[in-house]
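Please look over the structure below before reading the notes that go with it. The briefing is meant to be read side by side with the sequence and the coordinates.

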Amino acid sequence: MTLKFTKASFITSCLLSKDLPTLKNPQGSILPEIVFVGKSNVGKSSLINHLLRQKKLAKVSGRPGKTQTLNFFNIENKLCLVDLPGYGFAKVPKAVKEAWAKSLDIYMQTRNEIKLVLLLLDCRRLPSQEDLEFLLWADAYEKPLIVILTKFDKLRPKERKPQKVKILKFLHESTGLENITSLTYSIKNSHTRQVLINEIEKHLHPYI
């Protein structure tokens with residue numbers, strides 16, 4: 001099984017559980033889902049576009065919090081990529097944030113199609129309390145998760161390894177979790193794209 005991540009199409013945006021789509025391959029099997037989540041300014045849309053080799057599939061904005069729904073993408077009729085609303089710095093009304101939280105909680109708890117969660121963290125900063133809470137939440141519900149350290153090209157070469165070690169140590173000490181799988185990612189480095197694809201393939205192999 002080989003995923004190229006070069007054939008992708010937008011399916012739908014929704015927030016309510018009743019509107020969640022059920023995507024199937026030509027053989028009628030339900031597609032597994034990989035979920036992208038992170039703070040509003042972590043570079044999630046840019047990473048998704050880079051991964052899919054498309055410039056505008058996921059909307060990139062200079063204003064944090066642009067993504068306000070769950071966005072579903074069909075990848076090669078083999079899997080579904082789900083882009084979740086960013087959290088943290090989104091300048092939206094409290095009522096909207098509460099609606100997000102309720103919808104995401106229902107989605108993450110009840111969606112059997114979820115086979116992998118990718119938690120994006122800005123490599124230049126220590127994880128926030130919200131990042132830690134999500135990591136613990138995913139562990140409690142036994143969701144396979146990979147931490148993706150984004151914007152790695154923003155660090156000087158000599159800073160990269162020490163910063164990664166620092167963040168992983170912080171995650172371990174703050175959550176008590178062992179063996180956190182992590183990758184670094186730069187939209188300027190095609191090698192990091194392939195490393196991520198390989199890791200996704202490894203996790204989804206039983207389902208595709």
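What follows covers confidence, helices and cysteines, in that order. The model is a predicted one, with a mean pLDDT of 90 for the protein and a score of at least 70 for 93% of the residues.

**Confidence**

- Confidence is highest in strand β6 (residues 145-150), with a mean of 98, whereas helix α2 (residues 94-110) has the lowest, with a mean of 81.
- Over residues 61-65 the pLDDT remains under 50, and for this stretch the model has 10 contacts beyond four places in sequence.

**Helix α4 and its surroundings**

- Helix α4 (residues 157-175) is made up of 19 residues, and the distance from its first C-alpha to its last is 28 Å, close to the 27 Å expected at 1.5 Å a residue.
- Its buried residues are Gln163, Ile167, Leu171 and Thr175, and these pack against β5 (114-122), α3 (129-140) and β6.
- In an α-helix, which has 3.6 residues a turn, residues three or four places apart point the same way.
- Just after α4 comes Gly176, which adopts a positive phi of about 80 degrees.

- Buried residues in α3 are Asp131, Leu132, Phe134, Leu135, Trp137 and Ala138, and their cover includes β2 (33-38), α2, β5, β6 and α4.
- After α3 comes Glu142, which has a positive phi near 55 degrees.

**The pairing of α1 and α5**

- The axes of helix α1 (residues 44-52) and helix α5 (residues 190-204) come within 10 Å and cross at roughly 85 degrees, and because angles of 65 to 115 degrees count as roughly perpendicular, that is how α1 and α5 are described relative to each other.
- On the α1 side the contact is made by Leu47, His50 and Leu51, and on the α5 side by Arg193, Leu196 and Ile197.

**Cysteines**

- The number of disulfides in the model is 0, where a disulfide requires a pair of cysteine sulfur atoms within 2.5 Å.
- Cys80 takes part in no disulfide, and the cysteine sulfur nearest to it, that of Cys14, is 9.7 Å away.
- Cys80 is buried, with a relative accessible area of 0%, and Cys123 also counts as buried, at 1% relative accessibility, because the cut-off for buried is under 20%.

Note on methods: Residues numbered from 1 in each chain as written. Predicted model: local features only at pLDDT ≥ 70, side-chain atom pairs only at ≥ 80, totals over all residues. Heavy atoms only, no water. Buried < 20%, exposed > 50% of the residue type's maximum accessible area, 1.4 Å probe, protein only. pLDDT = per-residue confidence, 0-100. Helix = DSSP H or I, 4+ residues; strand = E, 2+ residues; numbered from the N terminus. Contact = heavy atoms within 4.5 Å. Expected span 1.5 Å × (residues − 1). Axes fitted to C-alpha atoms, helices over the stretch in contact; angles between N-to-C directions. Parallel < 35°, antiparallel > 145°, perpendicular 65-115°, else oblique.
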